[in-house]
Amino acid sequence: MQSLNDRIEKLMLENRREAGIHQYTVPSPDLYPFQWLWDSCFHAIILSYFDVDAAKQELRAAFSHPLVNGMIPHIIYWQHDTAQTNWGREMRGDVINAAWGVVGTSAITQPPIMAMTAWRIYEKDNDIVFLQEIFAVLSKHYRYLCTDRRLGSSPLAFIINPDESGEDNSPRFDNAQGLAPQHTANQNLDRRIDRMRENALCDFMARDCMSKHFAIIDVPFNIFLSESLEFMSQIAALLDETDDADYFNTEGRKVSEAVSELLCTDSICSSYDSNGKTAIETQTWSMFMPLYGGLLSQEDANELVEKWLLNAKHFWTEFPVPSTSIQELSFDATKGFWRGPVWIAPNWIIYKGLKRYGFDTIADEIKEKTEALINKSGFREHYNPHTGAGLGANNFTWGGLVIDMT
Ligand code: GLC
């Protein structure tokens, strides 16, 4: 029997693809045959345990197609052949070739964990030349998020499409899209294609789109943003880019303070919908993001963990952590996608947050149960939180993140 680490390394090699001078990893060969932005950050972190050069290649490829406005898009269609995939949205409305309004990539982004990832890779071998190489693209992307994704005087960033959260059909986005808590996957996809059409009407010019259409201040996106702005500041300082170092430091603080002041009350932080005016009360795993961001007092963190995470009526299932609380009407353990099943990236983030606040035993239990999911059902896209049965794509890479549950 191969060790888990060997199995992870094998999976990462099998999912590796080449495109000209670039090398990248597909999240799943059958269902997700392109390059996705936050997946590639996960891949780089996983690869850095086996082959730090491959980790750098993964990021170079992910950052190789910035749009004119500086934004790094969430999908690169290295191969344009739609026939090779039966993946939902890509088969609808000629998305790859037309609807995004650009060629070869999407025109929306994903959670901004790139600077954090770049720093993690730098820590492995102190390759400052690599940071120099990627700095300009990253800098433009984060400056774009700190300008074009804001409305009014608030430093918080808006997402303009549910997929930008990385949690495509999360019930956090139901109200804003006029969806009832229970609906089919196709109904959800229809609404998200409507969002794309709206985005296309405003030419994906975020400020214009945000003032007219779907615009959400999402808690995970903003917590990842504030963290990565701090890392951008650290990278800039290392590269003697002092103005950038000051700029990113100031913006990072502003975002983090605004998350605490505007989105959080005691231990609960809420995303806001309809252009930032209504709190979204749907209980999803994102409730635990403030632990990762270090935004809570120890007392509030204790309350959050006891009342919500360890509560069998909400998130403490046989195989935690369900993406949506089992109390929610929207919860669906098998067909829910982001509306119930366990995904390994959130478990990894929750693990890190628990460690940050000294909940080592609970963190270890989450790690053990995550490993148990892989041992029982293989590398799947997501899992039933009650039975541990595997769901969605096969040979899915995110399971590799258990290697970084340290
Ligand atoms: C799904 C996930 C998204 C991920 C993509 C590729 O759309 O919701 O987070 O980036 O698959 O794995």
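Guide: A definition to begin with: buried means under 20% relative accessible area. The model is predicted.

Visitor: Is helix α3 enclosed or exposed?
Guide: Helix α3, residues 52–62, is largely enclosed by the rest of the structure, because eight of its eleven residues are buried.

Visitor: Which residues of α3 are the buried ones?
Guide: They are Val52, Ala54, Ala55, Lys56, Glu58, Leu59, Ala61 and Ala62.

Visitor: Now the cysteines. How many disulfides does the count come to?
Guide: Two. Cys202 pairs with Cys209, with the sulfur atoms 2.1 Å apart, and Cys264 is joined to Cys269, also with an S to S distance of 2.1 Å. In sequence order of the bonded cysteines, the pairing is 1-2, 3-4.

Visitor: What is the torsion about the S-S bond of Cys264 and Cys269?
Guide: It is about 105°, so that disulfide is right-handed. The link of Cys202 and Cys209 is right-handed too, with 110° about the S-S bond.

Visitor: Over to the surface. Which residues gather in the patch of negative charge?
Guide: Asp240, Glu241, Asp243 and Asp246. Glu241 sits in the loop between α9 and α10 and is partly exposed, at 35%.

Visitor: And which residues make the nonpolar surface patch?
Guide: Ile128, Val129 and Leu238, over about 210 Å². Leu238 belongs to helix α9.

Technical notes
Residues numbered from 1 in each chain as written. Predicted model: local features only at pLDDT ≥ 70, side-chain atom pairs only at ≥ 80, totals over all residues. Heavy atoms only, no water. Patch = residues over 30% accessible without salt bridge, like charges linked within 9 Å, V, L, I, M, F, W, Y side chains within 5 Å. Areas by Shrake-Rupley, 256 points an atom, 1.4 Å probe, with all protein chains shown as cover. Salt bridge = Lys/Arg side-chain N within 4 Å of Asp/Glu carboxyl O. Lys, Arg positive; Asp, Glu negative; His and termini not counted. Charge placed at Lys NZ, Arg CZ, Asp CG, Glu CD. Helix = DSSP H or I, 4+ residues; strand = E, 2+ residues; numbered from the N terminus. Buried < 20%, exposed > 50% of the residue type's maximum accessible area, 1.4 Å probe, protein only. Disulfide = S-S within 2.5 Å.
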